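Reader: I would like to go through this model feature by feature. Please give the general idea each time, then the case at hand.

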Amino acid sequence: MGYGFSRADVTFLGSAAGLAALAEVDRLELTQATHLRDLERVRRDHGAAAACLVETVRLRRKAAAKLAGAGEWLFTDDALQQATPTAVARGRAARLAGRAVHDVTCSIGAELVELARVCPAVLGSDLDDVRLAMAAHNLGGSRNVLLAKADALVPVSRDTVVVADPARRADGRRTHDPAKLQPPLPDLLSAYAGRDLVVKCAPGMDFDRLDWSGEVEVVSLDGAVREACLWSAGLTDSAISRRATVLSSAGTSFTLTDADPDDIPERAPGTWIVDPDGAVIRSGLVRHYAAKHGLWQLDPRIAYLTGDAVPPGTRGFRIIDRLDYREKTLRAALRKHDCGPLEILVRGVDVDPDKLRRTLKPQGVQPFTLVITRIGRTPTAFLCTAQVH
């Protein structure tokens, strides 16, 4: 559990004395090896403020890869864990550009900072006084943002798009149950019935069982699925119910929806196997992605795709050998190809990759990827080399 910040801590950290102290502490290593020595020094120089100074520097370093400008922000440990990455928040804000927006669970302001760049008026509210004070600091004096203490389930604005990010932990554990979110998703939907509403949710939630007439967007960043987002009907095209947004720090971001074509051929495996991004899979848009890139499925019920080319910026697996899934057959193929380092990918077949790797005991030098899947009712293995295109 992280340090428990107070309003007095936030006031001090934002003062000239606090900023100078933070700059001083930031020059320390603050590693596990130097922790006791560094903490003793900070206590000697800054007394009772030592804990909040060390925790703030530690959190800023942790946040650097997640939030732009994190080197000047204030956080609590929980708030940082829950904060939306800048790239994701920026993408959402772009869809809301020009609208007045109320973030009813604003926390430390990760969404507000991006909304303030493109929206004429932004309201942020929360029940946590410390997080509101941190949000005020993190916003850096943005003049189009108003902060207020308010319960997310008690509407205090009108004529705004409502944005909510319920906490996804219950009893200390991550939950996919909509009723166990904080605040509960059913209560949020009821409180803002008839309003333009955007709700950030866990990507593992079963959206097919949710009574939702708008769009479900699944978002990934640099290959990791980050969130799902519910967009009410007034904020999306009526023809769209599912969207995959694939964000990349390398600049190869794209969006796919269920309004895109999904006609693909049925063919034998091509030259390559492609494993679509997790956002494409979780949004149910595998066929749409295949159609966009001239690919087809190895099996209609499995999310692996195949084709004779790999989409730009995507990791593909060139098929070297197609094998029956038998350990004796696999072992012989690995010896034949001088296989050493072995990545094993499995989908549609009950196989433990780590256990299988220990059983196969590859002893060569060449790196390979073994893709194990089901074609029809037959477990099938493909020995491949991996490349990024």
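This is a predicted model: local features need pLDDT of at least 70, side-chain atom pairs count only at pLDDT 80 or more; totals for chains, interfaces and linings use all residues.

Reader: In what order do the 9 strands of the open sheet lie?

Author: Two strands pair if DSSP finds at least two bridges between them. Here the order is β3-β2-β1-β4-β7-β9-β8-β10-β11, with mixed pairing. β3 (145–149) and β11 (254–257) are the edge strands, each pairing on one side only. Ignoring direction, neighbouring strands of this sheet are turned by 20° against each other on average. Within the sheet, β7 (197–201) and β9 (224–231) run antiparallel and are joined by 4 bridges; V199 has L230 in β9 as its bridge partner.

Reader: Which helices lie on these strands?

Author: Contact means heavy atoms within 4.5 Å. Axes are lines fitted to C-alpha atoms, for helices over the stretch in contact, and angles run from 0 to 180 degrees between N-to-C directions. Helix α6 lies across β7, β8 (215–221), β9 and β10 (242–247), at about 25° to β9. Helix α8 (129–139) packs on the sheet and touches β2 (122–126) and β3, its direction making about 170° with that of β3.

Reader: What is the strand order in the open sheet of 7 strands?

Author: The order is β13-β14-β12-β15-β18-β17-β16, and the pairing is mixed. Strands β12 (272–274) and β15 (315–324) run antiparallel with 3 bridges between them, and W272 stands opposite R318 in β15. Helix α13 (353–360) lies across β16 and β17 (366–375), running at about 145° to β16.

Reader: At what angle do α3 and α4 pack?

Author: Two packed helices are described by the angle between their axes and the distance between the axes. For α3 (35–46) and α4 (50–63) the angle is about 130° and the axes are 9 Å apart. That makes α3 oblique to α4; angles under 35 degrees count as roughly parallel, over 145 as roughly antiparallel, 65 to 115 as roughly perpendicular and the rest as oblique. L39, V42, R43 and H46 in α3 meet A50, L53 and V54 in α4.

Reader: Is T84 buried or exposed?

Author: Buried means under 20% relative accessible area, exposed over 50%, partly exposed in between (1.4 Å probe, protein chains only). T84 has 2%, so T84 is buried. Of the 389 residues of the protein, 48% count as buried.

Reader: Where does T84 lie, and which side chains does T84 join in polar contacts?

Author: T84 lies in the loop between α5 (77–82) and α6 (86–95). A polar contact is a pair of N or O atoms within 3.5 Å; within protein, one must be able to donate a hydrogen and the other to accept it, and residues adjacent in sequence count only if both atoms are side-chain atoms. The side chain of T84 makes one of 2.8 Å with that of E111 and one of 2.6 Å with that of K200.

Terms used: Residues are numbered from 1 along each chain as its sequence is written. Side-chain values use heavy atoms; hydrogens and water are left out. Helices (H or I, at least four residues) and strands (E, at least two) are DSSP runs, numbered from the N terminus.
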